[in-house]
Amino acid sequence: MAQVKRKKKKKNRGALTFLIIIIIIAGIAFVGYNFFQVKNIVFNGCERYDQEYLTKLSGVEMGRNILMIDKKDIMAKMESDPYLDIVDISRHYPNELIIDIKERKPACVAEYHGSFFVLDGECNILGSASQEDQSKLPLVYGLKAESMQIGNPVISSEDYQIVVIENILASLGNVGITTEIAKIDVALTGDLTMYTLDGFTVKLGQNEEIENKMKTLKAVLDELRKEGLKSGTIDITSNVGASYLPSAIPDDTPLDNDTTDGTDGDSKGSETGSNEVGTSPEDTETPE
């Protein structure tokens, strides 16, 4: 009898220990689940949309376990908006989700089969272009597009055209003259041409030293406008300086980027850092 009682006690103790372990595990799981619930989402790098829109777009519900978050699913949902490029999604334990965004910015307008689309600086199609978009952004034409689908990059029969457009748009942005350009002609990638809003034709030539050419263009435009000129052709194909051909004068007139008095034709060369703009003093004449 004594042996039977001892065996029963051992069984009871074993069952009690097992029950206690189960309760402890369940308690840890319950506390852990609640402790790691999403209580805040931080969106970095987006100015276009507010917190409410981004949270809804992400599909993440507050109170969801942060360990159960599917990053790829969140990225796919958010990038369904063409303006959003998700750079990174990270967990900040115990209850915060951080989503880093690269916002795609409108950079130009392009036409495809009679419709106009807004493109960013990497030729991703952001959406249909409104009248306001068309009035504010440069129009790229001569683009041999094979496909334009919102949310996707432009597909061109000439891949090099895309490289050229990206280079021009980046350089315009860096120099700060994007808003001064009306049209960009990329039909001939070896003979690129732009047109300003106030009536200047700008010959860029090849896709070389584009940013330096834009710096030269900015300086030349400032000078010509000071002289009251609003039309003509600016040639910056040489990578060295610029020449200006007034609309009413048949001969090329080399132009220096320093201010001239517009009467005696004398001028001085200008150099900023290592970037030389303008032509040599002896070759520079300013039209009367």
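**Ground rules.** Because the model is predicted, local features need pLDDT of at least 70 and side-chain atom pairs count only at pLDDT 80 or more, while totals for chains, interfaces and linings use all residues. Residues are numbered from 1 along each chain as its sequence is written, and side-chain values use heavy atoms, with hydrogens and water left out.

**Entry: the count.** I looked up how many salt bridges the structure holds, and I got 11. A salt bridge here is a side-chain nitrogen of Lys or Arg within 4 Å of a carboxyl oxygen of Asp or Glu.

**Entry: Lys-77 and Asp-73.** I found a salt bridge between these two, with the closest N and O atoms 3.2 Å apart. Both sit in helix 3 (residues 71-78), four residues apart, about one turn of the helix. For helices I go by DSSP runs (H or I, at least four residues), and for strands likewise (E, at least two), numbered from the N terminus. Lys-77 is partly exposed at 34% relative accessible area, and Asp-73 is partly exposed at 33%. My cut-offs: buried is under 20%, exposed is over 50%, and partly exposed is in between (1.4 Å probe, protein chains only).

**Entry: Glu-158 and Lys-144.** Their closest N and O atoms are 3.7 Å apart in a salt bridge. This pair links distant parts of the chain, 14 residues apart: Glu-158 is in the loop between strand 9 (155-156) and helix 5 (159-175), and Lys-144 is in the loop between strand 7 (139-141) and strand 8 (145-147).

**Entry: Glu-103 and Lys-105.** Buried or partly exposed, I asked of Glu-103? Glu-103 is buried, at 13% relative accessibility. Its salt bridge partner is Lys-105, which is partly exposed at 44%.
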